[in-house]
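Visitor: Hi, I'm new to this one. Can you walk me through what we're looking at?
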Amino acid sequence: DTAGGTITAVASDGTRYTLRVPRLALRAATQVTLTPLASIEQFPTAAGATAAVLFEPDGLMFTVPAELTIVTQDGFSSGSVGFSQSGSEFLLEPAQVSADTARLLIGHFSSAGTTAPTAEEVAALMPGSGSAESAARHGVTQELNRASQAGEHPDPSVIAQHLKAW
């Protein structure tokens, strides 16, 4: 049914992935699976995926975003942000990251997780001719990455600027 729900998967290293699907986020009853990934080939950041999960069914779209919570025993490094990957499309995503927990909003299924890109990698991964939403999400992600690496709070005016442009 469309009542929503929660599914959890635990990786061999103890990392816990919890997906919370809100009520009415799916148009029909759908069986959902999460598979923790040990690595992703040809990952576009030198740090690689620090935590990653594969969602199925591939391509599933939500009418309301789901929330992925990742809790790791090793904690997250400074500059950690989220990512989503669908086919050949790779996007950096805003994530709420604290010592051992990351939260990302998921709008569609393929794979998602966290990485700790350099500022240069964030700039290089800017979506080309994507939508205004993609550009805004990337800009917010870039500010979160910058602030985290500098040990500062994100600049709300920079985030507001990206959201207004959207």
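**Pockets and strands**

Guide: Let's start with a pocket: β9 gives the largest share of the lining of the second largest pocket, 5 residues. This is a predicted model, where local features need pLDDT of at least 70 and side-chain atom pairs count only at pLDDT 80 or more, while totals for chains, interfaces and linings use all residues. Residues are numbered from 1 along each chain as its sequence is written, and side-chain values use heavy atoms, with hydrogens and water left out.

Visitor: What volume does the second largest pocket have?

Guide: About 360 Å³. Of the 22 residues lining the second largest pocket, Glu93, Gly107, His108, Glu133 and Arg137 are the closest to its centre. A pocket here is an open set of points on a 1 Å grid over the protein atoms alone, where a 1.4 Å probe fits, with protein on both sides within 12 Å along at least five of seven lines; lining residues have an atom within 4 Å of a point. The volume is the space filled by probe spheres set on the points, which are joined across faces, edges and corners.

Visitor: And the largest pocket, which residues lie nearest its centre?

Guide: Pro94, Ala95, Gln96, Val97 and Leu144, out of 20 lining residues. The largest pocket has a volume of about 410 Å³, and α2 gives the most to its lining, with 4 residues. Helices (H or I, at least four residues) and strands (E, at least two) are DSSP runs, numbered from the N terminus.

Visitor: New topic: which way do β6 and β10 pair, parallel or antiparallel?

Guide: Antiparallel, over 5 bridges; two strands pair if DSSP finds at least two bridges between them. Val81 has Thr115 in β10 as its bridge partner. β6 also pairs with β7 in the antiparallel sense, over 5 bridges, and there Ser86 is partnered with Glu89. The hairpin of β6 and β7 has 2 residues between the strands, and Gly87 takes a positive phi near 60° in it.

Visitor: How many residues of β6 are buried?

Guide: 5 of its 6. Buried means under 20% relative accessible area, exposed over 50%, and partly exposed in between (1.4 Å probe, protein chains only).

Visitor: What about Thr18, buried or exposed?

Guide: Buried, with a relative accessible area of 10%. Thr18 lies in strand β2, residues 16-21. Leaving aside residues up to four places away in sequence, Thr18 touches Thr6, Ile7, Thr8, Glu67, Leu68 and Thr69, where contact means heavy atoms within 4.5 Å.
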